[in-house]
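This report walks through one model.

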Amino acid sequence: MGFTIGGIRGTDKPRTGSRRRGRTSDCIAVAEYTGLWGWAAVPGARALDGRCSCGAADCTAPGAHPLEFAPEVPAGATLDEVTEAWAQLPGAAVLLPVGRAFDVIEVAEAAGRRALVRLERMGLPLGPVAATPQGRAHFFVAPGAAAELPQLLYRMGWDDAGIDLHGLGPGTHITAPPSDRGGLGPVRWLRPPDLDSATHPPQARLLLGTLAYVAHRSPA
């Protein structure tokens with residue numbers, strides 16, 4: 001039996017026909033993602049004391065995965081549409097599907113912050129950058145980066161360096177601000193999205209050299 005978060009148990013399914021609830025910060029954030037940036041959003045599980053709101057005792061990613069029964073909120077959804085959808089799952093985390101409008105390059109947050117300063121000083125194009133409470137930084141880049149990453153690293157001579165740098169692509173989801181991830185704290189923006197960076201994230205090859213260099217020189 002699942003525990004209760006925001007009025008919904010992990011074993012409950014969305015309540016059809018429920019009265020619209022007030023517009024929360026989550027609703028406003030999701031409407032910005034869908035309406036301004038053209039991203040889809042997915043209601044996700046939450047974690048409390050290591051247990052996941054999905055209700056599965058053997059959940060392998062407590063508070064860090066989509067709710068299987070929850071419908072995706074599509075890109076282009078309005079604030080009214082988002083509010084109606086999120087009212088069915090109060091307290092759900094906001095997750096973004098990777099591999100459509102963007103892929104993600106993930107590095108340690110400390111390395112990501114240093115790389116971000118370098119990249120800004122170099123005047124290179126940048127997409128949104130988020131930081132997780134687990135100490136990871138997510139650089140949004142153009143779709144296809146995760147599949148191309150091994151070859152790009154090979155061409156740059158970083159393929160056998162054992163660096164802490166990974167690509168996230170289709171089939172994965174990331175937790176988006178202002179949601180909590182895994183019961184450890186909220187995800188936050190290091191570089192918030194804007195119209196250009198969110199709708200046209202940069203090609204990974206433009207950032208990868210700097211990211212790989214800084215990740216390689218950063219202490220484990």
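## Basis and overall make-up

Helices (H or I, at least four residues) and strands (E, at least two) are DSSP runs, numbered from the N terminus. This is a predicted model: local features need pLDDT of at least 70, side-chain atom pairs count only at pLDDT 80 or more, and totals for chains, interfaces and linings use all residues. Residues are numbered from 1 along each chain as its sequence is written, and side-chain values use heavy atoms, with hydrogens and water left out.

The protein chain has 6 helices and 12 strands. Of its 220 residues, 46% are buried. Buried means under 20% relative accessible area, exposed over 50%, and partly exposed in between (1.4 Å probe, protein chains only). Contact means heavy atoms within 4.5 Å. Among contacts with a separation of 6 or more, 78% join residues 24 or more positions apart.

## Helix 1 and helix 2

The axes of helix 1 and helix 2 come within 9 Å and cross at roughly 130 degrees. That makes helix 1 oblique to helix 2. Axes here are lines fitted to C-alpha atoms, for helices over the stretch in contact, and angles run from 0 to 180 degrees between N-to-C directions. Angles under 35 degrees count as roughly parallel, over 145 as roughly antiparallel, 65 to 115 as roughly perpendicular, and the rest as oblique.

The crossing of helix 1 with helix 2 is right-handed. A crossing is right-handed if the near helix is turned clockwise from the far one by less than a right angle, and left-handed if anticlockwise. Helix 1 makes the contact with D26, C27, I28, V30, A31 and T34, and helix 2 with L79, V82, T83 and W86. By class, this contact has 7 nonpolar, 2 polar and 1 charged residues. Ala, Val, Leu, Ile, Met, Phe, Trp, Tyr, Cys and Pro count as nonpolar, Asp, Glu, Lys and Arg as charged, and the others, Gly among them, as polar.

## Packing against helix 6

Helix 6 (residues 204-217) meets helix 4 (residues 145-156), with axes that come within 11 Å and cross at roughly 55 degrees. Helix 4 and helix 6 are therefore oblique to each other. Their crossing is right-handed. A145, L149, L152, L153 and M156 of helix 4 touch A204, R205, L208, G209 and A212 of helix 6. The classes are 8 nonpolar, 1 polar and 1 charged.

Helix 3 (residues 109-122) also packs on helix 6: the axes come within 9 Å and cross at roughly 140 degrees. Helix 3 and helix 6 are therefore oblique, and the crossing is right-handed. From helix 3 come A111, R114, A115, R118, L119 and M122; from helix 6 come L207, T210, L211, Y213, V214 and A215. This contact divides into 9 nonpolar, 1 polar and 2 charged residues.

## Nonpolar cores

A nonpolar core is a set of buried Ala, Val, Leu, Ile, Met, Phe, Trp, Tyr and Cys residues joined through side-chain atoms within 4.5 Å. The largest has 28 residues, of which Y33, W39, L96, F102 and I174 touch the most other members. Helix 1 (25-35), helix 2 (79-86) and strand 6 (93-97) each give two or more residues to this core. Helix 1 gives the most, with 5 residues. Another core lies apart from it, with 24 residues, among them V107, A111, V141 and A212.

Which residues does F102 contact, leaving aside its neighbours within four places in sequence? They are W39, L96, P97, F140, V141, P143, I174 and P201.

## Buried strand residues

G44 is found in strand 3 (residues 42-44). G44 is buried, with a relative accessible area of 1%. G44 and L95 are 51 residues apart in sequence, yet 5.9 Å apart in space, C-alpha to C-alpha. Beyond neighbours within four places in sequence, G44 contacts H65, P66, L67, A92, A93 and L95.

A131 lies in strand 8 (residues 129-131). At 0% relative accessibility, A131 counts as buried. Beyond neighbours within four places, A131 contacts E109, R136, A137, V187, R188 and L190.

## Backbone exceptions

Most residues other than glycine have a negative phi, and most peptide bonds are trans. D49 has a positive phi, near 55 degrees. D49 lies in the loop between strand 4 (47-48) and strand 5 (51-52). At 72% relative accessibility, D49 counts as exposed.

P177 and P178 are joined by a cis peptide bond, with omega about 10 degrees. P178 lies in the loop between strand 11 (173-175) and strand 12 (188-191).
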